[in-house]
Amino acid sequence: VFPSLAQAQASVANEVYQELGQPSVFLFCPTEYCSSLCSPSPSRSCYLLTLGQELLPGIGVVWTGPKVVSQELSATMLEEVEAVLQRRPIIWDNLYANDYDCRRVFLGPYTGRAPGLMARLHGLLLNPNCELQANFIPIHTLGRWFQSELRSCVCADDAGMETAAAPGDSQGPQEGSYSPQEALELALLDWVAEINQQALEPGR
């Protein structure tokens with residue numbers, strides 16, 4: 001019926017989206033959902049180009065970055081994806097995911113995400129550790145990163161230009177910018193306080 005997988009998927013997604021009354025949040029995960037799965041590259045992928053043309057504008061497309069589990073995300077990469085999909089992507093961030101190897105637990109701060117990414121995103125989903133209690137630091141530090149990004153957006157609007165440091169900027173973190181190490185230390189203080197509070201609860 002369809003000449004390509006992308007056209008088949010777009011047709012079904014569009015029909016479901018319209019049948020549901022075009023909800024404000026409707027997410028589509030493409031078969032090529034990261035750069036390493038694209039052939040030959042995101043900007044030259046016939047599959048992604050077709051999706052960008054065929055999917056209705058209100059449908060959000062999720063993207064994990066250069067890889068399924070991406071250590072770094074850059075504005076340049078997101079600009080390439082936005083151009084081919086004709087919409088800003090929703091990052092499905094697998095930085096902390098351990099469902100593929102539950103012997104590992106990730107407890108470090110949210111890191112590897114360049115300043116100024118918020119303006120290039122339609123949203124961000126964090127795929128956490130499978131162990132609930134192990135996600136205190138990931139979620140706490142993600143919150144600090146998000147607050148820093150919000151401040152950058154406000155500063156950019158006020159100044160009429162982007163104020164966040166570019167990826168690879170050697171000047172170090174600017175005042176008010178996100179510091180993974182500082183975010184980790186603050187998260188640890190709050191986590192210890194949370195653990196101590198739970199220890200005092202009856203039955204603990």
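Student: Is Q86 buried or exposed, and what is its relative accessible area? After that, please take me closely through helix α1 and its surroundings.

Tutor: This is a predicted model, in which local features need pLDDT of at least 70 and side-chain atom pairs count only at pLDDT 80 or more, while totals for chains, interfaces and linings use all residues. Residues are numbered from 1 along each chain as its sequence is written, and side-chain values use heavy atoms, with hydrogens and water left out.

Q86 is exposed, because its relative accessible area is 52% (buried is under 20%, exposed over 50%, partly exposed in between, with a 1.4 Å probe and protein chains only). Q86 sits in the loop between α3 (75–85) and β3 (90–93), and its phi is near 60°, a positive value in a residue other than glycine.

In the segment before α1 lies S4, which counts as partly exposed because its relative accessibility is 27%. Although S4 and C46 are 42 residues apart in sequence, their C-alpha atoms are 9.6 Å apart in space.

Within α1 itself, the buried residues are A6, A8, A10, A13, N14 and Y17, and they pack against β1 (27–28) and α2 (46–54) (contact means heavy atoms within 4.5 Å). The axes of α1 and α2 come within 9 Å and cross at roughly 30° (lines fitted to C-alpha atoms over the stretch in contact, with angles from 0 to 180 degrees between N-to-C directions). The two helices are therefore roughly parallel to each other (under 35 degrees; over 145 is roughly antiparallel, 65 to 115 roughly perpendicular and the rest oblique).

Just after α1, G21 takes a positive phi of about 85°. In the loop between α1 and β1 is Q22, whose phi is also positive, about 50°, although Q22 is not a glycine; Q22 counts as partly exposed because its relative accessibility is 46%.

Definitions and conventions. Helices (H or I, at least four residues) and strands (E, at least two) are DSSP runs, numbered from the N terminus. The expected span of a helix is 1.5 Å times one less than its number of residues.
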